[in-house]
Amino acid sequence: MNIGIALLMIVMTLALYVVASLLYKHVRISILIPVLTTTFMIVVILLLTHTSYSTYMIGGEWISKLMGPAVVALAYPLYRQRHLFKQYGLSILGSSLIGVVVGMLSGVGMALVLGFSEPYIISIIPKSVTTPVALQISNNLGGEASLTSVFVMIAGFTGVILGLGCLKLFRVKNAISVGIALGVSSHALGTAKALEHGEIAVSMGSLALTISAIVSSFIGPLILVAIYH
């Protein structure tokens, strides 16, 4: 029974993603990115059919398990563009570090201004880091994994939808800059979006995503200590 449900959920998710990808291919609007559109359609279907989230995850968990390998696969374009890191290494590290710090402080600052309780504030700290790492950081800090997952999704979707508009507004066209901005602010979703700007942007997004994960692991506890001690 569970095998049948798992296959049904996997096939449904893949089919919806294909439809969303075809839609995005013909209508290039950021809000229609396949991941967001697919998520919306799945939610609607689950609500209409009165299917619980736990039932969907019988199959959905197998798709989630592919997130790790997918992130690791981003190392390939990075390897192909490794000469850029040798040439612009200091600038890449510096801008990624600043992006991580600003991303964490902006999230925490907004949470404090809005009067969020401590669990929410702790859980929002790693919002701009790729999900597997963000969940680990959140757990280590004493946050709630479910809340962190929500904040990570919000950061990813917001960055993908609004990020390119902001870059265009400030006339940022360099592929390296675009990749780093998307990778630091929107983790894997931003890096995937960088595909539209070529391999260099993807490589820099992958590198920025990796740097963010490493740096956040060290800076997260320091921010927490600064807030509550």
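A helix here is a DSSP run of H or I at least four residues long, numbered from the N terminus. The model is predicted, so local features need pLDDT of at least 70 and side-chain atom pairs pLDDT 80 or more, while totals for chains, interfaces and linings use all residues. Residues are numbered from 1 along each chain as its sequence is written, and side-chain values use heavy atoms, without hydrogens and water.

Q: Where does arginine 171 lie?
A: Phi of arginine 171 is near 60 degrees, a positive value in a residue other than glycine. At 72% relative accessibility arginine 171 counts as exposed (over 50%; buried is under 20%, partly exposed in between; 1.4 Å probe, protein chains only). Its place in the chain is the loop between helix 9 and helix 10.

Q: Is histidine 50 buried or exposed?
A: Histidine 50 sits in the loop between helix 2 and helix 3. Its phi is near 55 degrees, positive although the residue is not glycine. Its relative accessibility is 74%, so histidine 50 counts as exposed.

Q: What is the volume of the largest pocket?
A: A pocket is an open set of points on a 1 Å grid over the protein atoms alone, with protein on both sides within 12 Å along at least five of seven lines; lining residues have an atom within 4 Å of a point. Points are joined across faces, edges and corners, and the volume is the space filled by probe spheres set on them. For the largest pocket that space is about 1800 Å³.

Q: Which helix gives the most to the lining of the largest pocket?
A: The lining holds 42 residues, and Val35, Thr39, Ile63, Met67 and Leu189 lie nearest the centre. Helix 1 (2–26), helix 2 (34–48), helix 3 (53–64), helix 4 (67–73), helix 8 (131–141), helix 9 (145–169) and helix 10 (175–193) each supply at least two residues. The most, 7 residues, comes from helix 2.

Q: How many residues in the lining of the largest pocket are charged?
A: Asp, Glu, Lys and Arg count as charged, Ala, Val, Leu, Ile, Met, Phe, Trp, Tyr, Cys and Pro as nonpolar, and the others, Gly among them, as polar. In this lining 29 residues are nonpolar and 10 are polar. The number of charged residues is 3.

Q: Which helix supplies the largest share of the lining of the second largest pocket?
A: The second largest pocket has a volume of about 590 Å³. It is lined by 24 residues, with Lys127, Ser128, Gly159, Ser185 and Ser186 closest to the centre. Helix 6 (82–113), helix 9 and helix 10 give two or more residues each. The largest share, 8 residues, is that of helix 9.

Q: How many residues in the lining of the second largest pocket are polar?
A: This lining has 12 nonpolar residues and 1 charged residue. The polar residues number 11.

Q: What is the volume of the largest cavity?
A: A cavity is a set of points where a 1.4 Å probe fits but cannot get out. The structure holds 1 cavity of 30 Å³ or more. The space in the largest cavity is about 40 Å³.

Q: Which helix gives the most to the lining of the largest cavity?
A: Gly99, Val100, Gly103, Met104, Ser128, Val129, Val184, Ser212 and Ser216 line the largest cavity. Two or more of them come from helix 6 and from helix 11. By class they are 4 nonpolar, 5 polar and no charged residues. The element that gives the most, with 4 residues, is helix 6.

Q: Is threonine 148 buried or exposed?
A: Threonine 148 is in helix 9. Beyond four places in sequence, threonine 148 is in contact (heavy atoms within 4.5 Å) with Ser123, Pro126, Ala134, Leu135 and Ser138. Its relative accessibility is 0%, so threonine 148 counts as buried.

Q: How far apart are the end C-alpha atoms of residues 145–167?
A: An unreviewed UniProt entry places the feature "transmembrane region" at several stretches, including residues 145–167; such annotations may be inferred rather than shown by experiment. In the model residues 145–167 are 100% helix and 0% strand. The end C-alpha atoms are apart by 31 Å.
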